[in-house]
Amino acid sequence: MGPGVGALRPKITEVDKAVVARKGSTVTLLCLATRVNRRKTVFSWEFNGQELKSSNKPHYWTAERKGNISLNIKNVSDNDVGTYTCKVYNLHGAKMLEAKENIELSLQEEVLKVTSTQTNITLDEGSTTNLHCRVTSSKAFITDVYWLFNGKVVAKPEALHHKVNGVSLANEVERLSYSLELKHVTLAKSGIYTCSANSTIGLQKHDIAVSVHRTNGPDLLLIKKTKRYVEIVEGTNVTLSCLGIYPDASFDHASWLFNGSQIKTNKHFKVNNGFVEKKGNIKRKLLSLTMYNAGLEDSGNYACVLNTSHGLQRKNIKVYVTFFQAPNVTSTQTNITLGEGSTTTLDCSVIFSEAFPMVVYWLFNGKILTKPKAFHHEVSGVSLVNKVKRYSFPLELKHVTLAQSGIYTCGANFTTGLQTHDIAVSVNRTQGPHLQLRKKTKPYVEITNGTNVTLSCLGIYPAASFDDAFWLFNGSQIKSNKYFEVNNGFVETKEENIKRKLLSLTIYNAQLEDSGNYSCVLNTSHGLRRKHIKVNVTFSRVLTPEPPEYVLQGDKHFKQVLYISLGLFTGVVTTIGILVKLWYQRGPKLPPSIKPCPDEELIFKYDVFVTYSRRDSEWVNSELLSLLSKNQVNYCIDKLHFKLGHPILNSITDSVYQSRYVLAVWSRSYAASKFCKQELDYALQKSFHCSDYSVILIGLESINPKTLPKPLRARTFLNYSDSVDREGWEKRLIKHLKGSANNKFAHVLGTVV
């Protein structure tokens with residue numbers, strides 16, 4: 001047999017280790033012990049280490065039954081707060097086997113409070129908000145929290161029970177927040193909302209006054225592209241759109257109607273009703289209906305409908321589907337032959353339905369020539385008029401060149417397809433301009449100082465895309481001032497497409513410094529002509545005056561002295577005049593290799609002579625020469641075209657004079673090269689001698705104009721080192737070089753590259 005109960009140590013299995021009691025109440029502390037025997041088990045209670053006896057504290061009494069040991073405390077006060085110890089002993093011979101547990105007794109806090117930051121709230125009808133309150137309470141109490149509206153419960157009470165940890169009741173204060181959502185409020189929701197907390201301690205509450213203001217109902221607008229009357233062509237697609245604007249509502253519903261019946265999304269219709277944005281309390285909803293492949297049966301009354309808790313709005317749209325009208329492009333022109341420099345107008349007519357968007361344009365050899373012109377639906381008031389319209393779309397060809405021969409296409413692009421009409425234009429070559437001196441103007445003109453003279457030329461040329469007439473004096477253009485009067489005006493002619501222009505220059509009070517080379521220049525898109533006139537201004541002879549009748553006849557000596565003096569004075573003046581004339585007529589002695597400038601026709605062997613430094617040959621070969629070859633520019637370069645065994649100076653001058661232009665590739669290496677400087681000097685000497693602008697400069701590095709030769713400082717040039725100037729430099733250079741291919745005298749103009 002095993003040992004008896006008295007031989008075992010008792011065991012306390014259950015105990016409330018922390019008990020919270022209300023002041024003035026009666027509380028019972030319990031212990032549950034096992035391994036106990038009525039005859040051999042003894043129990044006792046201690047308070048803060050002192051044994052409790054009923055005789056000493058009459059409001060204590062103890063009890064024990066079958067291991068359930070209890071201590072009753074009557075009328076609990078602050079003096080009873082502390083540690084209670086439950087002790088159990090088993091007697092075993094002379095030994096006492098003990099078990100004990102501590103129980104903490106405390107008084108509960110009676111805390112209950114309801115607070116809120118809200119007191120008065122004003123809302124717009126349809127808006128949403130939340131009411132808030134905070135409840136502070138003792139966890140030892142059972143507390144019910146609920147919301148009232150005008151004294152009636154509007155939210156299910158929420159009960160706060162004791163928080164239990166194991167079997168003990170914790171004595172704590174907790175703070176919890178409670179809210180009540182007011183969603184899409186109406187006027188009926190104005191009133192007093194009360195947050196209430198009820199417990200055994202009592203009742204606490206907080207009132208919040210809510211005032212709801214009336215809000216206007218929804219507004220429904222048609223989007224700009226949607227009119228009250230819409231006319232479309234069968235087989236096309238159309239989208240109808242409305243915009244709904246309304247305050248927050250307890251409900252909102254958007255729909256589309258066709259002849260009174262609601263439309264659902266299917267393969268023929270697509271309904272899309274979605275929010276665009278929300279700002280504050282205002283919502284915007286886009287209602288759209290797309291109709292695909294419209295048929296005649298889709299004609300009728302459509303309506304967009306917006307229904308909210310604030311009211312209902314609808315907009316009616318009348319849709320009319322018409323038969324398809326095929327567009328057409330026509331013209332009376334098919335083949336046209338023009339003379340170079342003439343002007344004409346190509347015309348085509350487009351017949352189309354206004355119900356279609358349309359784009360009209362002209363092509364030249366398949367490439368867009370004019371900016372496309374768009375025709376949209378023509379709207380009259382709020383309705384779209386469906387009728388056939390004819391539109392003329394002319395194209396003016398002004399002062400045509402040979403390059404404008406080709407196929408011109410009038411095109412019209414519709415949503416249903418493309419219609420075109422081709423016109424073949426052929427431009428025939430026209431003779432260039434002719435320039436002749438007037439009868440009174442000779443190639444050599446000699447006048448006396450102090451007199452006036454007028455030089456005249458007559459230009460005869462076909463109509464051109466541009467024409468320019470001017471006068472030069474020693475290579476520089478003459479402008480009208482108090483010494484010169486330039487007058488270049490048209491002369492009436494009966495010949496069709498032929499113009500006559502009179503170029504005149506009047507020199508007032510001519511002086512010796514006005515002696516020199518004058519040129520009348522006529523430049524047109526067909527070519528350039530000029531005529532040279534050599535003007536020489538001489539001194540007037542000084543006449544010896546006759547002696548007056550009243551001179552004394554007897555004084556012969558006085559007469560002789562007077563005549564001798566006058567003769568000497570006349571001789572001196574004449575000698576000075578001859579010397580001055582020779583001074584002004586002197587000119588720089590040109591090297592033997594410099595050739596005279598032609599008067600009329602210039603025939604060049606090359607388009608351009610390229611002068612460069614050997615150190616820049618990599619860029620010249622890879623960039624410049626490949627560009628010139630690609631664009632069929634006939635260039636001259638030393639390594640290919642200088643004849644072996646010939647003097648270097650002769651090769652340079654031949655290349656300069658046989659080329660329409662001289663292209664100098666400027667860099668630090670070029671400026672430091674003796675041969676490069678020599679080539680550029682000959683090019684500038686030829687340019688000055690022939691009064692032209694044939695020298696072109698392209699800078700590989702940043703150029704300080706002060707480092708350039710003086711004749712080039714005032715001219716523009718291509719700056720390859722500048723990223724902005726570099727963009728499109730190839731087109732600018734080729735345009736300048738090729739632009740003179742059909743104009744043999746373009747190099748004498750101050751063209752900016």
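How many helices and strands does the chain have? In this predicted model, the chain has nine helices and 56 strands. The chain comprises 753 residues, and 41% of them count as buried. Its accessible surface comes to about 42700 Å², with 52% of that area belonging to carbon and sulfur atoms. Among the contacts with a separation of 6 or more, 68% are accounted for by residues 24 or more positions apart.

One part of the strand content was examined as a sheet. Strands of a sheet pair through backbone hydrogen bonds, in either a parallel or an antiparallel sense. Five strands form an open sheet with mixed pairing, in the order β22-β29-β28-β24-β25. The edges of this sheet are taken by β22 (229-233) and β25 (261-262); each has a single partner strand, so one side of each is left without a neighbour in the sheet. Strand β24, which covers residues 252-258, pairs with β25 in the antiparallel sense over two bridges. In this region F258 stands opposite S261, a residue of β25.

Aromatic side chains were considered next. A pair of aromatic rings is described by the distance of the centres and the angle of the planes. A search of the whole structure finds 14 aromatic pairs. One of them is formed by W666 and Y670, with 5.5 Å centre to centre and 45° between the planes, and this pair is tilted. Are the two residues of this pair, W666 and Y670, buried or exposed? W666 counts as buried because its relative accessibility is 9%, under the 20% cut-off. Y670 is also buried, with a relative accessible area of 1%. Elsewhere in the chain, F47, Y60 and Y84 form one aromatic cluster.

The surface was also examined for nonpolar patches. Which residues make a nonpolar surface patch of about 250 Å²? This patch is made by V42, L91 and M96. Of these residues, L91 lies in strand β8, which spans residues 82-92.

Key:
Residues numbered from 1 in each chain as written. Predicted model: local features only at pLDDT ≥ 70, side-chain atom pairs only at ≥ 80, totals over all residues. Heavy atoms only, no water. Patch = residues over 30% accessible without salt bridge, like charges linked within 9 Å, V, L, I, M, F, W, Y side chains within 5 Å. Areas by Shrake-Rupley, 256 points an atom, 1.4 Å probe, with all protein chains shown as cover. Salt bridge = Lys/Arg side-chain N within 4 Å of Asp/Glu carboxyl O. Helix = DSSP H or I, 4+ residues; strand = E, 2+ residues; numbered from the N terminus. Pairing = 2+ DSSP bridges. Buried < 20%, exposed > 50% of the residue type's maximum accessible area, 1.4 Å probe, protein only. Contact = heavy atoms within 4.5 Å. Phe/Tyr/Trp six-rings, centres within 6.5 Å; stacked < 30°, edge-to-face > 60°.
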